[in-house]
Amino acid sequence: MKRVLINECKAVFPALSRNESLSRSMAAAFALQCDPTVEETAAVKTAVSEAVTNAIVHGYRDSEGFVEMNMKLYDNGLLYIQIKDKGRGIDDIKAAMEPMFTTAPAAEERSGLGFTVMQSFMDKVKVRSSAGRGTTVTLEKRIGGKPLDKR
Ligand SMILES: Nc1ncnc2c1ncn2[C@@H]1O[C@H](COP(=O)(O)OP(=O)(O)O)[C@@H](O)[C@H]1O
Ligand SMILES: [Mg+2]
């Protein structure tokens with residue numbers, strides 16, 4: 001059966017670290033519609049936070065720009081959140097997604113575990129990127145047990 005789009009929301013904000021917590025709260029507020037458990041809300045917030053932080057600290061490391069967040073909710077409880085930047089891009093996505101891989105300078109003390117965290121908290125994580133043009137991370141998670149009505 002074809003899934004039906006119930007609701008969607010788009011946000012665009014400048015790549016400032018203060019917007020990490022803003023994006024986390026927006027994702028939690030959007031996810032609230034599918035009646036999530038405390039664990040599911042925490043999972044969504046954590047994964048979104050990692051993706052948005054990456055856009056800000058890696059994508060726009062040497063430049064300024066905007067982060068775009070696209071959220072969609074389907075009738076089967078599928079929550080879909082896309083985080084998009086137009087920053088430097090990722091040369092080797094497979095390597096970047098390995099645990100402990102980081103290109104951040106040692107002084108920044110990044111763990112290299114952001115993608116691993118996203119994968120462990122969400123059902124699906126997809127990354128599209130091209131060097132010099134930007135990165136799009138798509139996070140998916142089925143939330144709540146009940147089908148949703150379009151109201
Ligand atoms: N939006 C992005 N733009 C450019 N590079 C990115 C982006 N997201 C991730 N990367 C690259 O992938 C690496 C791994 O990311 P992650 O697993 O979150 O670890 P960390 O952020 O601790 O380095 C980063 O060090 C960076 O090289
Ligand atoms: Mg990271």
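So, K10: its bridge partner in strand 2 is N70. That pairing belongs to strand 1 and strand 2 (residues 66–74), which run antiparallel over nine bridges. When I say helix or strand, I mean DSSP runs, H or I of at least four residues for helices and E of at least two for strands, numbered from the N terminus. And two strands pair if DSSP finds at least two bridges between them.

Quick housekeeping. This is a predicted model, where local features need pLDDT of at least 70 and side-chain atom pairs count only at pLDDT 80 or more, while totals for chains, interfaces and linings use all residues. Residues are numbered from 1 along each chain as its sequence is written, and chains are lettered from A and ligands numbered from 1 in the order in which they are written.

Okay, the rest of the sheet. Strand 2 also pairs antiparallel with strand 3 (residues 78–85), over seven bridges, and there M71 has I81 as its partner. Those two strands make a hairpin with three residues between them, and G77 in the turn has a positive phi of about 85 degrees. Over at strand 4 and strand 5 (residues 134–142), you have seven bridges, antiparallel again, with R128 partnered by T136. That's a hairpin too, with three residues between the strands and G132 in the turn at a positive phi of about 85 degrees.

Put together, what order do the five strands take in the open sheet? They go 1-2-3-5-4, and the pairing is antiparallel. Strand 1 (5–14) and strand 4 (124–130) are the edges, each pairing on one side only. From one strand to the next the twist averages 10 degrees.

Now the helices. Helix 1 (residues 18–31) packs on helix 2 at about 145 degrees, with the axes 8 Å apart; axes here are lines fitted to C-alpha atoms, for helices over the stretch in contact, and angles run from 0 to 180 degrees between N-to-C directions. From helix 1, the contact uses E20, S23, R24, A27, A28 and A31. Helix 2 brings several residues, including V44, V48, V52 and I56. Contact means C-beta atoms, placed from the backbone, within 7 Å. By class, that's seven nonpolar, four polar and three charged residues. For the classes, Ala, Val, Leu, Ile, Met, Phe, Trp, Tyr, Cys and Pro are nonpolar, Asp, Glu, Lys and Arg charged, and the others, Gly among them, polar.

Helix 2 turns up again at the ligand. Ligand 1 has 22 residues around it, with N54, A96, T102, R110 and G114 the closest; near means a C-beta atom, placed from the backbone, within 6 Å. Helix 2 (38–59) and helix 4 (114–121) are the elements giving two or more residues to that shell, and helix 2 has the largest share, five residues. The shell divides into seven nonpolar, 11 polar and four charged.

Last, the whole chain. It has four helices and five strands, in the pattern β-α-α-β-β-α-α-β-β. The radius of gyration is 15 Å, close to the 15 Å the globule rule gives for 151 residues, so the chain is as compact as a globular protein of that length. That radius is taken over C-alpha atoms, and the rule is 2.2 Å times the number of residues to the power 0.38.

Definitions and conventions: Contact = placed C-beta atoms within 7 Å.
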